[in-house]
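Subject: Structure handover

Hi,

Here is the structure for you to look over. My notes on it follow below.

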Amino acid sequence: MAPALLLPGTVLARWQHSSQGPGTTTVLPDGCRDLVLRLDTATGQAEGMVTPLDTQARRVNTLRPTQWIGFRLRPGVQVEERALLAAARAARHSGGWDEGRVLSALEDHVVLLARAAEALEALQACASVDDAARALGISPRSLERMLAEATGQPPRYWRALARMRRAACALSGGAPLVAIAADHGYADQSHFSRECLRWLGHTPHTLRHSPDLLATVAQPGYGA
């Protein structure tokens, strides 16, 4: 058996998915960009892509038998997208991809921005954007500019996403929805439901009874 490949520090997780024909996969926002390698198993056609930061649930439609391999990048990375995709294409072979070469490409073309990563950690840990800025020793406006430049999203995006992912993970337990809403800072259960629908495309009640979606929420990502 071949030894497991060591993921670079900029990669949070490796995932894979296979579809046998027409179908739809729901992708939930997790605060991460992914390098995704797609192979049409019927034609051998392959392509790579770097996903954007999602702001809401989206559906990916697949028409043919397809294999997917993904590398979930840590929040706060900078991606040299053209160079990374060119290197990924060069790692393609008849059976798929040389993952060792793909990982080397990730090492070469993805950089974790230390200051942005520190800011994202502070936003998770602090009670407000102002508190996070104070912990970082900068003004809230400087925090806003820095994250917008580094990630394309403002602090409020990151705080709202972290809160929603933590609350959604709590749905796998038996706590009442009103208690989960209160524990995670929502004004009431209706507020929690609206935000859940906006971010994840489903109400908390629906998510609680959807094991596949709950498993997706629990995957590594920002805030959970």
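Two strands count as paired here if DSSP finds at least two bridges between them. Keep in mind that this is a predicted model.

**The sheet**

By that rule, β3 (residues 34-40) and β4 form a pair. Their pairing is antiparallel and runs over five bridges. Within it, Arg38 stands opposite Glu47 of β4.

The pair belongs to an open sheet of four strands. The order is β1-β6-β3-β4, and the pairing is antiparallel. At the edges sit β1 (11-19) and β4 (46-50), each of which pairs on one side only. Neighbouring strands are turned by 15° against each other on average, direction ignored.

Two helices pack on this sheet. Helix α1 (residues 81-90) touches β3 and β4. Its direction makes about 155° with that of β4. Helix α2 touches β1, β3 and β6 (66-73). The direction of α2 makes about 30° with that of β6.

**Helix α2**

This helix covers residues 99-109. Which of its residues are buried? They are Glu99, Val102, Leu103, Ala105, Leu106 and His109. Seen down the axis of α2, these fall within an arc of 155°, so they line one face of the helix. The face turned away from the buried side carries Glu107 and Asp108, both exposed.

Look at the start of α2 too. There a side-chain oxygen of Asp98 comes to within 3.1 Å of the backbone nitrogen of Gly100.

**Salt bridges**

How many salt bridges does the structure hold? There are eleven. I went through some of them.

- Arg33 and Glu81: the side chains meet at 3.1 Å, N to O. This pair links distant parts of the chain, 48 residues apart. Arg33 is in the loop between β2 (23-27) and β3, while Glu81 is in helix α1. Arg33 is partly exposed at 23% relative accessibility. Glu81 is partly exposed as well, at 34%.
- Arg156 and Glu144: the side chains meet at 3.6 Å, N to O. Arg156 lies in helix α6 (residues 155-170) and Glu144 in helix α5 (residues 140-151), so the pair ties together parts that are twelve residues apart in sequence. Arg156 counts as exposed, at 60% relative accessibility. Glu144 counts as partly exposed, at 25%.
- Glu195 and Arg198: the closest N and O atoms are 3.3 Å apart. The two residues are three apart in helix α8, so about one helical turn separates them. Arg198 is partly exposed, with a relative accessible area of 42%.

There is also a network. Salt bridges that share partners join Asp30, Asp34 and Arg72.

**Glu195 again**

Is Glu195 buried or exposed? Its relative accessibility is 16%, and buried means under 20%, so Glu195 counts as buried. Glu195 is found in helix α8, which spans residues 189-200. Which residues does it contact, leaving aside neighbours within four places in sequence? Those are Met164 and Tyr186.

Best wishes

Technical notes: Residues numbered from 1 in each chain as written. Predicted model: local features only at pLDDT ≥ 70, side-chain atom pairs only at ≥ 80, totals over all residues. Heavy atoms only, no water. Buried < 20%, exposed > 50% of the residue type's maximum accessible area, 1.4 Å probe, protein only. Arc of directions from axis to C-beta. Polar contact = N/O pair within 3.5 Å; in protein donor to acceptor, adjacent residues only side chain to side chain. Contact = heavy atoms within 4.5 Å. Axes fitted to C-alpha atoms, helices over the stretch in contact; angles between N-to-C directions. Salt bridge = Lys/Arg side-chain N within 4 Å of Asp/Glu carboxyl O.
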